[in-house]
Amino acid sequence: ENIYFNESFIKHNFSDKTFLRVGRYYRDFSNYLNDELSSGHMLISHNAEPMSKIGLVTSQKIKKLEKIDFDFGIAHGFFDTNDMYNKAPLLHEKFLYMNIRKNNYQVSIGFIHEAIWGGSTIESGKQPSKFSDFLRVLIAEDRKKEDYDTLPESHSNALGNHLGISEFSFEKNNNNQILKLYYQHFFEDTSGLRFRNEIDGLWGVELQNYIPETTILLEYLDTTHQDMNPPYVDDAYYNHGLYNMGWSYKDYTL
């Protein structure tokens, strides 16, 4: 009775390193990840439908450091209305990578930041959604006192629901035998940024063509340290007191 579109977008290339994408798509980061075999990216996997987004992505080199380049992207997206939200919340997404390429290997260090903000919830009403509020979400600035009337809890906390990962990956290609090592370290607040949630995240190793025409992927996922030392480390990674649907889209975990 219904027709669903998966990834469907318009992409305009301003140059070979810069493009704008508009439509429904998953992500422009963590390109090393094998989505067909992986348990799933810790922020944007293929478990839910792709969200509607508009995103700008670019890559830049430093002239004096020919083997190093930087990838950067920023996107604005839209959640959906449901039993909890009478106006769809908004998505803020940005990422930054430093890539070191030499001979047949590449090392990448990345930082990805996502946030749910704006919209209106049935329980708490309309949420701050002006451009000035977007600037606060951009840098994860704390709430202001005037926000407290529409937000649960009176203590200072970032406006919106913020999630992210610090990412480390290594890839080596030796005559089409490819080795990948990666770690996605999850954080929800400053305790996670300081690695106080210890080894939480997704660890992976992938081997391609070490056995001809075969890919082997091993992953270890740990989220058991998100509530190990309250109140400093007292997280609920994919849940939120205000946005009660948590990190989900159309009833599926992102």
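Trainee: Are Tyr32 and Tyr182 buried or exposed?

Mentor: Please keep in mind that this is a predicted model. In it, Tyr32 is buried, and Tyr182 is buried too.

Trainee: How many aromatic pairs does a search of the whole structure find, and how is such a pair described?

Mentor: In general, one describes a pair of aromatic rings by how far apart the centres are and by the angle of the planes. Here the search of the whole structure finds 14 aromatic pairs. Among them is the tilted pair of Tyr32 and Tyr182, with 4.9 Å centre to centre and 40 degrees between the planes. This pair links distant parts of the chain, since Tyr32 belongs to the loop between β2 (18-25) and β3 (51-62) while Tyr182 belongs to strand β11 (residues 177-187), 150 residues apart.

Trainee: Which parts does the pair of Trp117 and Phe134 tie together?

Mentor: Trp117 and Phe134 form a tilted pair, at 5.9 Å centre to centre and with 40 degrees between the planes. Trp117 lies in strand β7 (residues 105-117) and Phe134 in helix α1 (residues 131-138), so the pair ties together parts that are 17 residues apart in sequence. Trp117 counts as buried because its relative accessibility is 3%, and Phe134 counts as buried because its relative accessibility is 18%, given that buried means under 20%.

Trainee: Where does the charged end of Lys11 sit?

Mentor: The charged end of Lys11 sits over the ring of Phe19, 4.1 Å from the ring's centre. Arg21, in turn, lies over the face of Phe9, at 4.4 Å from the ring centre.

Technical notes
Residues are numbered from 1 along each chain as its sequence is written. This is a predicted model: local features need pLDDT of at least 70, side-chain atom pairs count only at pLDDT 80 or more; totals for chains, interfaces and linings use all residues. Side-chain values use heavy atoms; hydrogens and water are left out. Rings of Phe, Tyr and Trp (its six-membered ring) pair if their centres lie within 6.5 Å; planes under 30 degrees apart count as stacked, over 60 as edge-to-face and the rest as tilted. Helices (H or I, at least four residues) and strands (E, at least two) are DSSP runs, numbered from the N terminus. Buried means under 20% relative accessible area, exposed over 50%, partly exposed in between (1.4 Å probe, protein chains only). A charge sits over a ring if NZ of Lys or CZ of Arg is within 6 Å of the ring centre and within 35 degrees of the ring normal.
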